Amino acid sequence: MNEYDSNRIYDLTSNIGFNKTDIKTEADCFVLNTCHIRDKSTEKVYDEIGRLKKSFRNFKKPLVIISGCVAQAESEEMIKREPYIDIVIGPQSYHKIGDLILNFQRKKGKFNETNFDVINKFDTLKKIPISQNKISSYLTIQEGCDKFCNFCVVPYTRGPEYSRPIQQIIDEANILVKKGTREIVLLGQNVNAYNFFENSKKYKLSSLIRELNKIKNLKRIRYTTSHPKDMSDDLIDCYKDCEKLMPFLHLPIQSGSDRILKLMNRKHDTKFYLEIIEKIKKINGDIKFSSDFIIGYPGETEKDYKNTIDIIRKVGFVNSYSYIFSPRPGTPAANKNINKLEINKTRLQNLQKIIENYQLLNNKKYIDKFSEVLVENKLTGQDKYFGRTKFMAPVIFQSDFCKSGDIINVKINSCNRINLFGIHKISNSERAA
Ligand code: SF4
């Protein structure tokens, strides 16, 4: 989501005359868009400002703006602690960045803008031209979260759940497709909680997917990140007949222990999770799953950990994001006793090894077969292309004839854990066509 936000922050600043530069010391304005999900994110911001100060020692000081979730969490405190920072702006008010910059230039005051102003944000953004023209583009449809998992800062930094009007999203999707996008990844902290009411009609994620499925030149649809509780039957049914919805689902479970899921306030248990996986597999036996895991959540025993390993083996996830629990200030889990770091490190390494093994085994299945690939780009300085399979697997391949945005069949010759490698050849008649 920060990538989407960063692109839109750029669009907003370019609207008042700013351009991107790769030369740091040329910048008049420096925007650091931050994420608060990981450990020590606040300190990393101050470290970055330290580096910035050094770089600009012999140059005119740039206007320094901190945006994103660290800005939201720290707010006014940032300007007090680091006077080099001029503007602090939260993720739900970044649409005001243009006005804040202009006001700063006029008055030279410091600004802290961390209100939850999400409706105005998207109303403003819809009027700002989109510069993004990638083959695979992100599109934010929902923000915030009402689930309040005990370890997570999102409900505090992004605020309550908000779903954008459906027509606004369809319009943005059409703009992206006109600019060359062939795959849209719908984004939300709780994307499958998408829920928009208009004229006494309720639109859910399934309604949106069905609408986007009709866009002629759009070839692929994905969505992330989902909560198991919101995997409703109407959404699962989309895997039956929305041919553009890709057969790959990232569905975080966090732990395979019901006791830990309860302590986390996840609002689902492992039985519920596995039932969803089964329902989806019944519709499409080929669908692949990835997940998120937190290792060493306060109170996690060896038995809880083993339950997590069991569920990994049961589902056979082909990818995962796995981390050792780290407390987020202000969340209910922040002050709980945690396991020794050494224990957690060993558990994490072991879990990652198991998932990496599944990843490699899964990739090996493609060798000597054709995979349908969406071509994203030519690799810089190489005679090779990059694309992804329906299952999100990255493919690096040689081709004697293809262009970005094409969907082609690539013969896979080899792989490692992450990438598939192959070749794309076409006949003379295909080339003529
Ligand atoms: S559902 Fe996701 S975003 Fe919401 S509180 Fe839980 S982990 Fe955070």
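**Close-up 1. S75 in the loop between α3 and α4.** In this predicted model, S75 occupies the loop between α3 (69-74) and α4 (76-81); helices (H or I, at least four residues) and strands (E, at least two) are DSSP runs, numbered from the N terminus. Although S75 is not a glycine, its phi is positive, near 50°. With a relative accessible area of 18%, S75 is buried (buried means under 20% relative accessible area, exposed over 50%, partly exposed in between; 1.4 Å probe, protein chains only). Residues are numbered from 1 along each chain as its sequence is written, and side-chain values use heavy atoms, with hydrogens and water left out. As the model is predicted, local features need pLDDT of at least 70 and side-chain atom pairs count only at pLDDT 80 or more, whereas totals for chains, interfaces and linings use all residues.

**Close-up 2. N265 in the loop between α11 and α12.** N265 lies between α11 (258-264) and α12, in a loop. Its phi is near 60°, a positive value in a residue other than glycine. N265 is partly exposed, at 27% relative accessible area.

**Close-up 3. Packing of α10 against α12.** Helices α10 (residues 233-241) and α12 (residues 270-283) pack at an angle of about 30°, their axes being 8 Å apart. Axes are lines fitted to C-alpha atoms, for helices over the stretch in contact, and angles run from 0 to 180 degrees between N-to-C directions. The two helices are therefore roughly parallel (angles under 35 degrees; over 145 counts as roughly antiparallel, 65 to 115 as roughly perpendicular and the rest as oblique). D233, I236, D237, Y239 and K240 of α10 meet I276, K279, I280 and I283 of α12, contact being heavy atoms within 4.5 Å. These contact residues comprise five nonpolar, no polar and four charged (Ala, Val, Leu, Ile, Met, Phe, Trp, Tyr, Cys and Pro count as nonpolar, Asp, Glu, Lys and Arg as charged, and the others, Gly among them, as polar).

**Close-up 4. The cis peptide bond between T224 and T225.** Omega of the cis bond joining T224 and T225 is about 5°. T225 is found in the loop between β11 (220-224) and α10.

**Close-up 5. Surroundings of R182.** R182 is situated in the loop between α8 (166-178) and β8 (183-187). It is buried, with 17% relative accessible area. Leaving aside neighbours within four places in sequence, R182 contacts I135, V177, N217, L218, K219, R220, L374 and G405.
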